[in-house]
Amino acid sequence: ISALVKKCLEMFAESAEQKDDYNKLYEQFGKCSKLGVHEDSTNHTKVAELLRLHTSKSGAELIGLKEYIDRMEEGQNDIYYITGASIAV
């Protein structure tokens, strides 16, 4: 199974390079990716790189964790987050 997981992670990572295509894929499998971060201790770092999230500054656009970290203001050391079924309040 580990070879299959490795291959899937590689394919998702390649797909993530094409933002529009990956967003469509993420709409379908994003929930599984979020669970994978918690459930797959071996690959949680690789799965985390594939996550996309809404931020207070991104509006409707989903961004990756790396992009979020690159946008962090100088002196910001922490990331606070909340999870839910949707962004609707």
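Reader: Let me start with a residue I clicked on. Is Lys57 buried or exposed?

Author: Lys57 is exposed, with a relative accessible area of 64%. Please keep in mind that this is a predicted model.

Reader: Thanks! Which side chain does Lys57 meet in a salt bridge?

Author: That would be Glu73, and the N to O distance is 3.0 Å.

Reader: Nice. How many salt bridges does the structure hold?

Author: There are four. Another one of them joins the side chains of Glu61 and Lys19, at 2.6 Å from N to O. This pair links distant parts of the chain, 42 residues apart: Glu61 is in the loop between strand 1 (52–53) and strand 2 (63–64), and Lys19 is in helix 2.

Reader: And how accessible are Glu61 and Lys19?

Author: Glu61 is partly exposed at 33% relative accessibility, and Lys19 is partly exposed too, at 38%.

Reader: Which residue does Arg71 pair with in a salt bridge?

Author: Arg71 meets Glu67, with 2.8 Å between N and O. Both residues lie in helix 4, four residues apart, which is about one turn of the helix. Arg71 is partly exposed at 41%, and Glu67 is partly exposed at 28%.

Reader: Let's change topic. Which residues make up the largest nonpolar core?

Author: It has eight residues: Leu9, Ala16, Tyr22, Tyr26, Val47, Leu50, Leu51 and Leu62. The elements that give two or more residues to this core are helix 1 (2–16), helix 2 (19–39) and helix 3 (44–50). As a general point, nonpolar side chains in soluble globular proteins tend to be buried together.

Reader: I'd like to zoom in on Leu62. What does Leu62 touch, leaving out residues up to four places away in sequence?

Author: Leu62 touches Lys19, Asn23, Tyr26, Arg52, Leu53 and His54. One of these, Tyr26, belongs to the core along with Leu62, and Lys19 is the salt-bridge partner of Glu61.

Reader: What about Val37? Where is Val37 found?

Author: Val37 is in helix 2. Leaving aside neighbours within four places in sequence, Val37 is in contact with His44, Val47, Ala48 and Leu51. Val47 and Leu51 are among the core residues.

Reader: How far apart are Val37 and Arg71?

Author: They are 34 residues apart in sequence, and their C-alpha atoms are 22 Å apart in space.

Reader: New topic, cysteines! How many disulfides does the count give?

Author: The count comes to zero.

Reader: Last one: where in the protein chain is confidence lowest, and where is it highest?

Author: Confidence is lowest in helix 2, with a mean pLDDT of 87, and highest in helix 4, at 91. The mean for the protein chain is 87, and 98% of its residues reach 70 or more. In general, where pLDDT is low, the predicted coordinates should not be read in detail.

Reader: Great, thanks for the tour!

Key. Residues numbered from 1 in each chain as written. Predicted model: local features only at pLDDT ≥ 70, side-chain atom pairs only at ≥ 80, totals over all residues. Heavy atoms only, no water. Core = buried A, V, L, I, M, F, W, Y, C linked by side-chain atoms within 4.5 Å. Buried < 20%, exposed > 50% of the residue type's maximum accessible area, 1.4 Å probe, protein only. Contact = heavy atoms within 4.5 Å. Disulfide = S-S within 2.5 Å. pLDDT = per-residue confidence, 0-100.
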